[in-house]
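Subject: Structure handover

Hello,

Here is the structure I said I would pass on. Please open it next to this message and follow along.

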Amino acid sequence: MVRLALCDDDERYVELLESRVRDYCQRNEKKVCIAAYTDSSKLEDEIIKGNLSDAYILDIEMPDYSGMELVERIREQSELPQVILLTAYESFAVEACGRDVLWYVLKEGGGQELFRALDKLFVRLKRQLDEKTYVISNQQRYKKLFQKDILYIQKEE
């Protein structure tokens, strides 16, 4: 089951987004557990605690923490979670590309662009699940690596 976190400060939009994602998953027989947030600081708290989802769909412009700031927090914890950014403005596209995000979706594009992003998301997540991983953790963070990417491991103390 894929853990997916949604965050947008517009309560009506996050409900619409959750409905679209659930419909997509039902039609494509994908099992998901969705956590929807309208307060970016609550999601940021979960990320800092290490309670990471497999994927995130984040609005870029929000009070407290922007989607870009949340991506930074996620990447501080792990490089594996996939991120789709949502916005009403095209001007953020270049900055979003530099944040190692999977897809950039314009809200006004409707469901089709979101569905294309979800197609790509589930292909990526399937690859991650099919490949063996090794988890390195301590009290501050954890890092999940594909075993094929590991050349050498040495543990001290």
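Below are the notes on what was found, going from the whole chain to single residues.

The model is predicted: local features need pLDDT of at least 70, side-chain atom pairs count only at pLDDT 80 or more, and totals for chains, interfaces and linings use all residues. Residues are numbered from 1 along each chain as its sequence is written, and side-chain values use heavy atoms, with hydrogens and water left out.

Whole chain

The protein chain has five helices and seven strands. These are DSSP runs numbered from the N terminus (helices: H or I, at least four residues; strands: E, at least two). Along the sequence the pattern reads β-α-β-α-β-α-β-α-β-α-β-β. Of the 157 residues, 41% are buried; buried means under 20% relative accessible area, exposed means over 50%, and partly exposed lies in between (1.4 Å probe, protein chains only). Among contacts (heavy atoms within 4.5 Å) with a separation of 6 or more, 59% join residues 24 or more positions apart.

Helix 2 and helix 3

How are helix 2 and helix 3 oriented relative to each other? Helix 3 covers residues 67–77, and the two helices pack at an angle of about 10 degrees with their axes 9 Å apart. The axes are lines fitted to C-alpha atoms, for helices over the stretch in contact, and angles run from 0 to 180 degrees between N-to-C directions. Helix 2 and helix 3 are therefore roughly parallel, a term for angles under 35 degrees. On the helix 2 side, S40, L43, E44, I47 and I48 take part, meeting L70, R73, I74 and Q77 of helix 3.

E44 sits in helix 2, which spans residues 40–48. Is E44 buried or exposed? E44 is buried, because its relative accessible area is 8%. Its side chain makes a polar contact with the side chain of R73 at 3.1 Å. A polar contact is a pair of N or O atoms within 3.5 Å; within protein, one must be able to donate a hydrogen and the other to accept it, and residues adjacent in sequence count only if both atoms are side-chain atoms. Apart from neighbours within four places in sequence, E44 is in contact with Y65, L70 and R73.

Two loop residues

Most residues other than glycine have a negative phi. E29, not a glycine, has a positive phi of about 55 degrees. E29 lies in the loop between helix 1 (11–27) and strand 2 (32–37), and is exposed because its relative accessible area is 72%. D64, also not a glycine, has a positive phi of about 70 degrees. The loop holding D64 runs between strand 3 (55–59) and helix 3, and D64 counts as exposed at 56% relative accessibility.

Regards

Technical notes: Angles under 35 degrees count as roughly parallel, over 145 as roughly antiparallel, 65 to 115 as roughly perpendicular and the rest as oblique.
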